[in-house]
Amino acid sequence: MIEHKVTSQITLKRKRILIVDDVPKNIDLLKNILSEQYHVQVAKGGKLALEIVNRSLPDIILLDIMMPDMNGFEVCEQLKSNPKTQDIPVIFLTAVTDPQHEQRGFDVGCVDFITKPITPLTTLARVSTHLKLAEENLRNKQIIDDRTRELDEALESAIGMLGAVSQLNDTDTGVHMWRMADYCAALARAIGWDEAKVELLKLAAPMHDTGKVGIPHSILKSPHKLTDDEWVIMRQHTVIGHEILIRGEAPLFKLAAEVALGHHERWDGQGYPSKLKGAEIPQSARIVALADVFDALTMQRPYKRSWTIEESFEHIQQAAGTQFDPDLVHVFLSIEDELRCIKEKWDAVE
């Protein structure tokens, strides 16, 4: 029992409370109430409080509203706008009790109010309650983060397996799939896509050849040049892939379906399956088409040597305006250093 009490007191001492008030007697009163159980820090103004928080995060903040340099609402708004400090519970100290005042406090992110004159029991009870709630929220957030990470890993594995199915009868490797996805992400980022969409494309790109699962082995592994009839069948992999992936309701699979259908379209309208031209081709498919060819050129295959990056760039430059979107080609060539880093990273894996 004694050991449990000591442990509890040590745990409480570790909790850091920041008191922010410009009135010395209020600070002294709160310190007397709280210092026996908690580690107490003090700031006599809003700006100083933000400096202290930036140096050392408290577990909870007791914040006066009416202060001369920055009022409590302004301080709380800054705390809640910063990802580093947004989860710190803020309890306002106030002598004003009108509903509009309270509403504004909750709007800027406070969790509670302690009304002046301050009393020990109310202060201790509310501080203890919100520290426990903050701990529970932190645990829940960690659980959600862990589950999200597990789901992301499972999704990435599923995408890898789906991509691998499309390569069962092909000579490509899994490394090609993810390296090409990295090239896609680099190009999308360079042309201004937001990061969420970049990450979506990075996951969608490896599924671009999903439809090859529906192409006969004899065609995919044909040792000779394909006949016209065989090419008709081969080109159907874009449509088959789209039909498979469009069944998914998630934005990821909608984007993957778009890429699967359009990654063999050409800027000059001579591609397949729909002979789309120029901007008619979804930008996602244009990005994947360029990244896929670049990676294929720089890969060693049983029937070809790997091209150098310089040789591959020259080929891509020559195909700008015919096979590829010329604006994308310009940006792609401008991020050469990043593309080299991606290639070196995956070459080390392979």
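For sorting residues by class, Ala, Val, Leu, Ile, Met, Phe, Trp, Tyr, Cys and Pro count as nonpolar, Asp, Glu, Lys and Arg as charged, and the others, Gly among them, as polar. This is a predicted model, where local features need pLDDT of at least 70, side-chain atom pairs count only at pLDDT 80 or more, and totals for chains, interfaces and linings use all residues. Residues are numbered from 1 along each chain as its sequence is written, and side-chain values use heavy atoms, with hydrogens and water left out.

**The overall picture**
- The protein chain has 16 helices and 5 strands; these are DSSP runs numbered from the N terminus, with helices being H or I of at least four residues and strands being E of at least two.
- Of its 350 residues, 41% are buried (under 20% relative accessible area; exposed is over 50% and partly exposed in between, with a 1.4 Å probe and protein chains only).
- Take the contacts (heavy atoms within 4.5 Å) between residues at least 6 apart in sequence: 58% of them join residues at least 24 apart.

- Lining residues have an atom within 4 Å of a point, grid points are joined across faces, edges and corners, and a volume is the space filled by probe spheres set on the points.
- There is 1 cavity of 30 Å³ or more, and the largest cavity has a volume of about 50 Å³.
- Its lining is made up of E265, W267, I281, R286, A289, L290, Q323, F324 and D325, which by class gives 5 nonpolar, 1 polar and 3 charged residues.
- The second largest pocket comes to about 460 Å³, and D59, D87, I88, P89 and A134 lie nearest its centre among 21 lining residues.

- H130 sits in helix 6 (residues 120-166) and is buried, at 10% relative accessibility.
- Its side chain makes a polar contact of 3.0 Å with that of D112 (a pair of N or O atoms within 3.5 Å; within protein, one must be able to donate a hydrogen and the other to accept it, and residues adjacent in sequence count only if both atoms are side-chain atoms).
- Beyond neighbours within four places in sequence, H130 touches I60, P89, I91, V111 and D112.

- N26, I27, L30, I33 and L34 are buried in helix 2 (residues 24-34).
- Seen down the helix axis, these buried residues fall within an arc of 130°, so they line one face; the arc is that of the directions from the axis to the C-beta atoms.
- K25 and N32 are exposed on the other side of helix 2.

**Loops worth a look**
- The peptide bond from K116 to P117 is cis, with omega near 0°, and P117 lies in the loop between strand 5 (112-115) and helix 6.
- Another cis bond joins Y272 and P273, with omega about 15°; P273 is in the loop between helix 12 (251-262) and helix 13 (283-298).
- K275, in the loop between helix 12 and helix 13, has a positive phi near 55° though it isn't glycine.

Definitions and conventions. On a 1 Å grid over the protein atoms alone, a cavity is a set of points where a 1.4 Å probe fits but cannot get out, and a pocket is an open set with protein on both sides within 12 Å along at least five of seven lines; lining residues have an atom within 4 Å of a point.
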